[in-house]
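Have the sequence and the model open as you read.

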Amino acid sequence: MSKKRTKRYWKSLKERDAAPDVLNARADEFPEGGPRQFRRRDFLKATGFTLGVAFATGCSRAPVQRAIPLLSQSEEIVPGRSLFYASTCAGCSAGCGLLAKVRDGRPIKLEGNPQHPVSRGGLCATGQANILGLYDSQRLQHPLKDGKKSSWAEIDHEIQSELANVRRDHGAVRFLSGTITSPTTRAEIREFLAGFPEAHHVVYDPLSNSALLDAHEQTHGVRVLPRFHFDKAEVIVSFDADFLGTWISPVGYTADYRAGRDLDAKRVSYHVQFEPRMSVTGSKADRRLAVAPGEMGLLLTHLAQRVARKVGAPFVSPELEASSVDSVFLEELADRLCRARGRSLILCGTNDLQQQLLSNYLNHILGNYGSTLDIDKPSLQAQGSDKELGELLAELQDGKVKALFVYGANPAFDLPGGDGLAGALRKVPLLVSFAQRVDETAALARYVLPEQHYLESWNDAEPVSGLVSVSQPTIHPLGDARSLVESIATWNGKPKPAYDLVREHWKAEVFPRQKKESNFDAFWDRAVHDGVAEVESLPIKTREFNTQLVRPILKAQRPETGAFALVLYPTVAMLDGRNAYNPWLHELPDPITKVTWDNYASISPTAAQRLGVVDGDVVRLENDGGSPEAFELPVCIQPGQQDQVIAVALGYGSKLSARFAKVGPQWLDAIISVGDKGVVGLNAAPLLRLSDGVLQYDSAQVKVSRTGRQRELASTQTHNTLTVPKKLTPPGSGARSVVQETTLAAYLKDPHAGVEDHEEKEDLWPTDHPYPGPRWGMVIDQNACTGCSSCVIACQVENNIPVVGRDEIRRNREMHWLRIDRYYSEAESGQIEVAYEPLMCQQCENAPCETVCPVLATVHSEDGLNQQVYNRCIGTRYCANNCPYKGRRFNWFNYAHDDQLQNLVLNPDVAVRSRGVMEKCTFCVQRIQEAKIEAKRRGERVSDGAVQTACQQSCPAQAIYFGDLNDPNSQVSKMMANPRRYRVLEELNVRPAVGYLTIVRNCSQEGKEESKEEHHG
Amino acid sequence: MSAPRPKPSGLLQYLGSPFVTLVLVTALAFSLMILVPKFNAYALPGNQLGYEPTQPVAFSHRLHAGELQVQCLYCHSGAEKSRHGGIPAANVCMNCHRFVAAPLGAIHAEDDLAKKEKREPRRVVSPEIQKIYDALALNEKMQPDPAKPTAPITWVKVHNLPDFVYFDHRPHVNAGVACQKCHGPVETMERVRQVEDLSMGWCVNCHRGVDRAGLDGNGNFTSAPAPAAQGPVPVTHRVNASIDCSTCHY
């Protein structure tokens, strides 16, 4: 099959334009560079010194090892065996279910709970990285009063006496928090505030969806967030809602979205995304249109007008400005939506009431309420109200608030207002902050009450109405912290442990909401065991859809010529900045830009050309509002972005990231990871606007100018580029691309479509690997993969992968065993398409690394693993140079393991590698060994699914299959036999044990999308 | 004519004489005779053969495992179900030592003495067993004493493998490998001593051996859960002592 390849894949714009330095550099596994070269004399000096030290240290005696058994060992605790406890993730308000792997009394890994109906076994990157927060040595260990160590008794006494004064004077008490899904906590706060004449609870989310809730209040009479059912939707139209990346509940949405794109059942949803910048969701869309933020409302109106006409619904729409989107396409889209009435879904991610109302209207006339949007059992994952926040801020400015409690939010950091807001907060006579670390708000507070990590305390959550879950402690608390419910219960005058509070609340409020179990203890035990219980949802009274308030948006708001529309967005890793303390997440390459350890100003290639800037050039953003501070950020050129948009990530520049001044190896040439201000990145929140009662993320206009300075971004984009050697490219055509894809139309005709067969030639290698037992293999479904990077963190936690810091990443020395290669390509329509290819060691049968190792430190095992023996490795790096997949990582340094508390997170089943040693993925061999030994103990075979690699376990899209290829009935064998399966760089004949399934885009080659209902059956 | 070289005086005048050479050679031979056997004690790095540290409690395996025939797995129950064989928790000791506080001889001696002195016999507690009670902060009535702090017993690890080796007790114990095969005749030891060098060559040789000749050397390839009497040994019951690197190193 010699088909002409038209599509080209490229990782960076330089590569697309075939810049010679990039093309040459990509062949290099270890590119040299940097300001200083290692000379021969340096080498000799270092060798001599190393030899001397080796001899000197070799003379010491082996240290005496001690073993301290438990005093009293309960039956289920066996040292060395891991136990899994079901709990609820509190990394964000989505409330995904998790299983905490507890080894010898300490949790070491968080995994998804497959029984959880919302998250369905997935867990995102931030959720998994949360475990590092537990072992953070800079976490608050005791309460603070005026910045000094205090005691709980003293603080309780003082706060209670001050509250008594406030109560007597009828002063205003405000409780400010992010979304709280815990029913017990909410009840406690309610009870607490009820004790004051003038008090209420203000909820806001730094990544606000307030307008979405407000719109439902206007159209349905209840302020709720609907639960979206992506699995039931056949046509999904999203207006800047990054639901696979950062929007509300990405893990649950990804699982549902994937269920709605089932190629085997030939049920594939059609997904259109309108967005100003390239988001994770946009990168998966079948049709993605780059639209300026000011035009989003106009587009919604255009679509509403067309759909209303087709379904015969009333919609007043006088003169409409023409939109930049092809009207033929909009007409087609409206047709499709009408055909999929009740099976479509319109989403709007902008925080704008009018746009949300239009989106509700579209869903209403398409009959989606009750099918793809559920408001009877709504989601409780976002409850913030920007209007109330605005009122509170006004009260703060006026000095009306006498007591303010801040929990789960950091207003001094994530809200606009800067020093003015800080000053207003300082004016509050009693400012109490519940925080795990001294963040920007806690630094202003008189009392800082250390909040327990959610793995240390009892709690609960109700992410979706009727779905209650338990959060249980998995470790003895590490400091003198106290959970919020305990603090409030103390001030309510009934001090009790959190366990009693949660249990009593469940007995009184949750237990009566179900009928299955008649005994509370049994109900509770089951809920604690499963981590989740389904009960009746709270009744909601909606009214008839109110179309009165839906108004067309007639005009687009375009930035003035020469100016840019500013879009502020959250990244998968940092979200609103709550994870700024976490080095794993700073080092996680952004799914799209692949940049680490920084935020930056994303602009389109055209705009970059116009401004005359290249990647890394620092530009100055000037707010037209006349913000006194100028924002200077390095540029990152982003293909697929709208030309008049400049996008900056929120959540950076937090005080919490100041600790990373010393991250990574501190050697002669090291450059520190933090920026000029001593923190990682720049806080973009001052550019946010709180106007018209909502937080606006995309309304500002900025003028952009060059500063002439440079700040090289630590991007992994061009690292580890795969290339097919010239001599192996078939005559007459270019090299076979490393990504293979097809369209739904072609797939339905021939499931094998898009898979390029390679010419079978006689094999020079003897088959010297008989594989008598199992042969481990993996299949990765690239069509399901969303690039969310959950697997990258899963691998990092499981395999004790060190953090190297910004400077080392700049030098191509990142240590992630699993990376996600992101390729761009250009469709005929000019749309930039994205392909994700998770790549790790491919466990080749004819492994090129094995033949070149002079000390046999990497050899093939009888079950198909390409073993890496760290203690045998002498660090010649020959193997990495010979690896076509560039899946090997070299320890250039002894990466820091000085923090004894943080070391508790290390997996005791995996060696911590030292300097000069090569390492790589081994399919989580420690898990394979565990499963084999356990199976043997029971006298059974290793059953299919008994071994789950870390990356596979937590994948929200379930894109990774792993198992025994010698077992024809295993899931992975079946996936290997899938006609979509291909292997990366198959022509090298190294016979990798990892298969990839082609990407199937729901559009036909002619640029006309195929609709799936035509293909049913 | 040059002046003759002056003759060395003092002890130096004997240098070069055959007598001195003889003395030196003899001395060298003697010192080698003394040193060479000592070299055996200087083991390779990591080789702890013969290591026999003093333990905080003078616990006697000879008495418990040898004389009293307590099964190894009674105390080291982790060996069956966990990577670590495990040192028993103090509450395991208390299963017996709640009732046994001293050697029988000591109790008889106290009884005799009491009879002689015409008084009630006093409670005899051996000082070593007292250490368990102290660890658990028990009072004389064997009840926890809240006034005393509990303090776990800090044992000294005898069999210690490097950090890059992942040894797992489970497959060995469940395959029926006797504990003594690696730990030596523990039931004869007053204080536990390392009797095998626990080197990689030693491990691999055994793994190779059992794969060729079976666990008992007579072709018995089956591990603990016995298969059906006749027919070939099912794969799940084969010994399969792997010599892949990733069996122990990952």
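Predicted model: local features only at pLDDT ≥ 70, side-chain atom pairs only at ≥ 80, totals over all residues.

How much of α10(A) is buried? Of its 16 residues, 12 are buried, so the helix is largely enclosed by the rest of the structure. Among them are Met296(A), Gly297(A), Thr301(A), His302(A), Arg306(A) and Val307(A). The length also works out: at 1.5 Å a residue, the 16 residues of α10 (residues 296-311) of chain A should span 22 Å, and the end C-alpha atoms are 22 Å apart, which agrees. Just after α10(A) comes Gly312(A), with a positive phi of about 75°.

Now to the meeting of the two chains. In chain B, 40 residues are in contact with 36 residues of chain A. The elements of chain B that each supply at least two residues to the side touching chain A are tabulated here.

| Element of chain B | Residues |
|---|---|
| α4(B) | 78-81 |
| α5(B) | 90-97 |
| β1(B) | 155-156 |
| α8(B) | 169-174 |

With 3 residues, α8(B) gives the most to that side. By type, the residues of the side of chain B that touches chain A divide into 17 nonpolar, 16 polar and 7 charged.

The chains also share strand pairing: β1 (residues 66-67) of chain A and β1(B) pair in the antiparallel sense over 2 bridges. There, Arg66(A) stands opposite Val156(B) in β1(B).

Terms used: Residues numbered from 1 in each chain as written. Chains lettered and ligands numbered in written order. Helix = DSSP H or I, 4+ residues; strand = E, 2+ residues; numbered from the N terminus. Expected span 1.5 Å × (residues − 1). Buried ≥ 20, exposed ≤ 12 C-beta atoms within 10 Å, placed from the backbone. Contact = placed C-beta atoms within 7 Å. Nonpolar A, V, L, I, M, F, W, Y, C, P; charged D, E, K, R; others polar. Pairing = 2+ DSSP bridges.
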